[in-house]
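This report describes salt bridges in a protein chain. Please look at the sequence and the model shown here before reading on.

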Amino acid sequence: MSSLYTRSKEFTRNRKSQSDSPPASPSPTAKTLRHERLSRLESGGSNPTTSDSYGDRASARARREAREARLATLTSRVEEDSNRDYKKLYESALTENQKLKTKLQEAQLELADIKSKLEKVTQQKQEKTSDRSSVLEMEKRERRALERKMSEMEEEMKVLTELKSDNQRLKDENGALIRVISKLSK
């Protein structure tokens, strides 16, 4: 494993050193090949193969230009499609936002309605409790008043029983006096 690693490391070093070095002068055979190509191109019509290669180059250039034109139309179509898609996405996002805003407003209105109902119910409960407390206080007052009246009436009953007994005693005395007076008068 380590031997492979070191080999690959050395290989990359060698490649780097070769690419970092200044370019060597072309070999004489490469110079002659280049010179022959240039001379063929410059002569143009003397050789039938050169004219064919010129026609091939022209047709290749025409094909390249046609390809570039097609690519340009495709890219413009893609751009238009992407613009349209973005526009459609933007419009759909706007409509969705509007729908969500209306739902939010409806929910807020419903929440406000529920809060007002809740406040009314709590006020009613407070009023009922305050009413209950006032009713309880009134009932307590009435009970106290009734208890006072009962105690007063009990006292009056005691007085009445005393008066009845006094009245009966006086009747008895009066009857006795009448008998005594009637005996004296005879």
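Arg 169 and Asp 166 both lie in helix 3, 3 residues apart, which is about one turn of the helix. Helices here are DSSP runs of H or I with at least four residues, numbered from the N terminus. The model is predicted, with local features requiring pLDDT of at least 70 and side-chain atom pairs counting only at pLDDT 80 or more, while totals for chains, interfaces and linings use all residues. Residues are numbered from 1 along each chain as its sequence is written, and side-chain values use heavy atoms, leaving out hydrogens and water.

The mean pLDDT (the predictor's confidence in each residue, from 0 to 100) of the protein chain is 79, and 69% of its residues reach 70 or more.

A salt bridge is counted when a side-chain nitrogen of Lys or Arg is within 4 Å of a carboxyl oxygen of Asp or Glu. The count comes to 4 salt bridges, among them the following.

| Pair | Closest N to O |
|---|---|
| Arg 169 and Asp 166 | 3.5 Å |
| Glu 137 and Arg 141 | 3.8 Å |

Asp 166, Arg 169 and Glu 173 are linked in a network of salt bridges. Arg 169 and Glu 173 are 4 residues apart in helix 3, about one helical turn. Glu 137 and Arg 141 also lie in helix 3, 4 residues apart.

Relative accessible area sorts residues into buried (under 20%), exposed (over 50%) and partly exposed (in between), using a 1.4 Å probe and protein chains only. Arg 169 is partly exposed at 42%, Asp 166 is partly exposed at 34%, and Glu 173 is partly exposed at 40%. Arg 141 is exposed at 52%, whereas Glu 137 is partly exposed at 44%.

How values were computed: Helices (H or I, at least four residues) and strands (E, at least two) are DSSP runs, numbered from the N terminus.
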